[in-house]
Amino acid sequence: MLVAQGEGEVKCPRDSDGWLDTPAGTQTACLRNLAGPHPGDAGKGGGVLRVGDCTLIQDGDVDERACYDAHGPGKIRAFTKTKKGCERRIWSYAFRWNGSYVCVGPGEDATAVGPRYKRGTCLIAPKTEKRKSIFGGTETRIVGGLKETSCKGKKAWGKVVGHVSIQFECKRPADYSVTTQGSTYGLPHGPDPYPEVTCLRRL
């Protein structure tokens with residue numbers, strides 16, 4: 001299929017793996033690989049931006065990237081005409097894109113994809129401090145980050161049993177969670193990884 005030059009991202013079919021300007025320089029050819037892999041498939045990191053793809057959004061630029069899991073990072077939930085149309089959805093964020101809004105889930109600005117602490121890692125009990133929360137009341141923050149240790153040692157306080165995105169809760173056997181968002185049980189602010197929450201079982 002041919003579209004006007006420079007309109008591949010907007011006008012090519014949704015399953016296009018890419019596009020290429022024709023030698024004449026007046027049109028763009030929409031391409032689909034004869035065999036896999038197909039980066040244009042939803043969540044695979046290439047092709048036309050569509051629902052089910054994952055994103056990296058920085059300084060107003062919306063770039064597609066491969067999904068880490070079924071929820072993100074920055075998974076597109078919808079394209080909406082208004083910002084409100086997106087923000088009515090729980091844990092959704094609206095960004096201006098090509099004359100409308102792209103509505104994405106958490107993790108859209110995560111520069112590190114993959115858990116900060118591997119499943120099965122044991123950690124030393126962290127130092128904490130209480131401070132006022134922007135939502136009222138107080139919150140507990142971890143001071144100095146989490147430090148790994150041998151699971152056989154006496155200093156082992158908790159064991160990593162899973163990871164979830166911020167909109168989900170840890171499940172058993174986890175009895176404690178740490179988020180990178182700087183809120184309850186939060187780590188110091190810094191580049192946020194995805195998934196945002198580390199699920200722990202205290203030993």
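**Disulfides and fold**

Guide: Counting bonded cysteines along the chain, the disulfides of the protein chain pair up as 1-2, 3-4, 5-6, 7-8, 9-10; a disulfide here is a pair of cysteine sulfur atoms within 2.5 Å. This is a predicted model, where local features need pLDDT of at least 70, side-chain atom pairs count only at pLDDT 80 or more, and totals for chains, interfaces and linings use all residues. Residues are numbered from 1 along each chain as its sequence is written, and side-chain values use heavy atoms, with hydrogens and water left out.

Visitor: How many disulfides does the structure hold?

Guide: It holds five. One of them joins Cys-12 to Cys-30, with 2.0 Å from S to S.

Visitor: Is that disulfide of Cys-12 and Cys-30 left-handed or right-handed?

Guide: The torsion about the S-S bond is about -85°, so the disulfide is left-handed. Cys-12 sits in the loop between helix 1 (8-11) and strand 2 (18-21), while Cys-30 is in strand 3 (residues 27-31), so the pair ties together parts that are 18 residues apart in sequence. Helices (H or I, at least four residues) and strands (E, at least two) are DSSP runs, numbered from the N terminus.

Visitor: And is Cys-12 buried or exposed?

Guide: Buried, at 5% relative accessibility. Cys-30 is buried too, with a relative accessible area of 11%. The cut-offs are under 20% relative accessible area for buried, over 50% for exposed, and partly exposed in between (1.4 Å probe, protein chains only).

Visitor: What about Cys-54 and Cys-67?

Guide: They form a disulfide with their sulfur atoms 2.1 Å apart. The pair links distant parts of the chain, 13 residues apart: Cys-54 is in strand 4 (residues 54-58), and Cys-67 is in the loop between strand 5 (61-65) and strand 6. With 100° about the S-S bond, this link is right-handed. Cys-54 counts as buried at 0% relative accessibility, whereas Cys-67 is partly exposed at 23%.

Visitor: Where do Cys-122 and Cys-151 lie?

Guide: Those two are joined by a disulfide, S to S 2.0 Å. Cys-122 lies in strand 10 (residues 122-124) and Cys-151 in the loop between strand 13 (148-149) and strand 14 (156-164), so the pair ties together parts that are 29 residues apart in sequence. Cys-122 is buried, with a relative accessible area of 1%, and Cys-151 is partly exposed, at 38%.

Visitor: Okay, zooming out. How many helices and strands are in the protein chain?

Guide: Two helices and 17 strands. The radius of gyration is 21 Å, well over the 17 Å that the globule rule gives for 203 residues, so the chain is more spread out than a compact globule. That radius is taken over C-alpha atoms, and the rule is 2.2 Å times the number of residues to the power 0.38. The C-alpha atoms fill a box of roughly 70 × 40 × 25 Å, taken along the principal axes.

Visitor: What share of the residues count as buried?

Guide: Of the 203 residues, 43% do.

Visitor: Switching topic: where is Phe-79 found, and what is it in contact with?

Guide: Phe-79 is found in strand 6 (residues 76-80). Leaving aside neighbours within four places in sequence, Phe-79 is in contact (heavy atoms within 4.5 Å) with residues including Leu-49, Val-51, Trp-97 and Tyr-101. Phe-79 is partly exposed, with a relative accessible area of 32%.
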